[in-house]
Amino acid sequence: MRLPIEQISARYAVRPLAEADLPAILALCRGNPTYYEHMRLHPTLENLAESMTALPPGKGPEDKYFLGCFWEGRLLAVLDLIAAYPDLETAFLGWFILDKAHQGAGNGTALLAELLAFCKAHGFRYMRLGYIKGNPESERFWHRNRFAPTGVETGGGGYTVVVMQKKL
C-alpha cells in the first residue's frame, strides 16, 4: 500500500518528483554546495535522475518516495523516503535537502517534525538516515533533531556515511 504522501506537511505541498522537475532539483542542489563538496561530486541532471530511482538492496520502486516540497509553486525541499528499510519498523531518509535561502530559520526542523509525525502515524517506529562524515552542518542538524549514531559507518565513493537513527 502506497503512503498518502500529500499528507506529510500542512505547510508545504508535497508530491512525487518527476523528470520534468530535474532543472528545479538541480538549481536547489547547486544552491547547497557544502553537501556536494563532502561527497566530492557536483550535481548534474544525470546523477540527479539516477538518485530519483536509486534503491537499497531488497527494495523495489513501490517502497521509494522521491518527493518535492513546494511553497507557492517553488521547490523548497527534496526528500527521498524509503519505506520499511532496513526493516519493517523503519523509514529511511535518503535525502533531505532544503533550499539554502530557507535554512537556519527552523524550516528544516519544522518539515522534519512533520515527516517524523507522518511516519509514526503510518506505523513506523524509527527513522534512519546517513550523513557524510566530516560535514559539520549536517552533523549538527541531525544531532539537534535528536538523531543518534547507530555505530554503523559505511564507505564508498571516497567518503564515509555515518548512520543515525531516531525512535519515533
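## Backbone features in the loops

Glu72 is placed in the loop between S2 and S3. The model described here is a predicted one. Although Glu72 is not a glycine, its phi is positive, at about 50 degrees. The residue counts as exposed, with a relative accessibility of 70%.

The loop between S3 and S4 holds Ala84, another residue other than glycine with a positive phi, in this case near 55 degrees. In contrast to the exposed Glu72, Ala84 counts as buried, at 16% relative accessibility. Pro86 also has its place in the loop between S3 and S4. The peptide bond that joins Tyr85 and Pro86 is cis, with omega at about 5 degrees.

## The sheet

Seven strands form an open sheet with mixed pairing. Their order across the sheet is S1-S2-S3-S4-S5-S7-S6. At the edges are strand S1, residues 13-16, and strand S6, residues 148-156, each of which pairs on one side only. On average, and with direction ignored, neighbouring strands of this sheet are turned by 30 degrees against each other.

Within the sheet, strand S3 (residues 74-82) and strand S4 (residues 90-98) run antiparallel and are joined by six bridges. In this pairing, Val78 stands opposite Ile97 in S4.

## Helices against the sheet

Two helices may be described by their placement on the strands. Helix H3, formed by residues 45-53, packs on the sheet and touches S2, S3 and S4. The direction of H3 makes about 115 degrees with that of S2.

Helix H1, formed by residues 22-30, lies across strand S2 (64-71), S3 and S4.

## Surroundings of Gln165

Strand S7, which covers residues 159-167, contains Gln165. The side chain of Gln165 makes a polar contact with the side chain of Arg128, at 2.7 Å.

Which residues are in contact with Gln165, leaving aside its neighbours within four places in sequence? They are Tyr126, Met127 and Arg128, together with Arg146, Phe147, Ala148 and Thr150.

## Salt bridges

Side chains of opposite charge can pair when their charged atoms come close. The structure holds six salt bridges, and the following pairs are described individually. Asp21 forms a salt bridge with Arg15, and their closest N and O atoms are 2.8 Å apart. Asp21 is buried, with a relative accessible area of 11%, whereas Arg15 is partly exposed, with a relative accessible area of 34%.

Asp99 forms a salt bridge with Arg74, with 2.9 Å between the closest N and O atoms. Because Asp99 lies in the loop between S4 and helix H4 (107-121) and Arg74 in strand S3, the pair ties together parts that are 25 residues apart in sequence. Asp99 is buried, with a relative accessible area of 10%, while Arg74 counts as partly exposed, at 43% relative accessibility. A further salt bridge is formed by Glu89 with Arg125, the closest N and O atoms being 3.2 Å apart. This pair links distant parts of the chain, 36 residues apart: Glu89 is in the loop between S3 and S4, and Arg125 is in the loop between H4 and strand S5 (126-132). Glu89 is partly exposed, with a relative accessible area of 34%, and Arg125 counts as partly exposed, at 36% relative accessibility.

## Cysteines

A disulfide is a covalent bond between the sulfur atoms of two cysteines. How many disulfides does a search of the whole structure find? The search finds zero.

Cys29 counts as buried, at 1% relative accessibility, and Cys69 counts as buried, at 0% relative accessibility.

Technical notes. Residues are numbered from 1 along each chain as its sequence is written. This is a predicted model: local features need pLDDT of at least 70, side-chain atom pairs count only at pLDDT 80 or more; totals for chains, interfaces and linings use all residues. Side-chain values use heavy atoms; hydrogens and water are left out. Two strands pair if DSSP finds at least two bridges between them. Helices (H or I, at least four residues) and strands (E, at least two) are DSSP runs, numbered from the N terminus. Axes are lines fitted to C-alpha atoms, for helices over the stretch in contact, and angles run from 0 to 180 degrees between N-to-C directions. Contact means heavy atoms within 4.5 Å. A polar contact is a pair of N or O atoms within 3.5 Å; within protein, one must be able to donate a hydrogen and the other to accept it, and residues adjacent in sequence count only if both atoms are side-chain atoms. A salt bridge is a side-chain nitrogen of Lys or Arg within 4 Å of a carboxyl oxygen of Asp or Glu. Buried means under 20% relative accessible area, exposed over 50%, partly exposed in between (1.4 Å probe, protein chains only). A disulfide is a pair of cysteine sulfur atoms within 2.5 Å.
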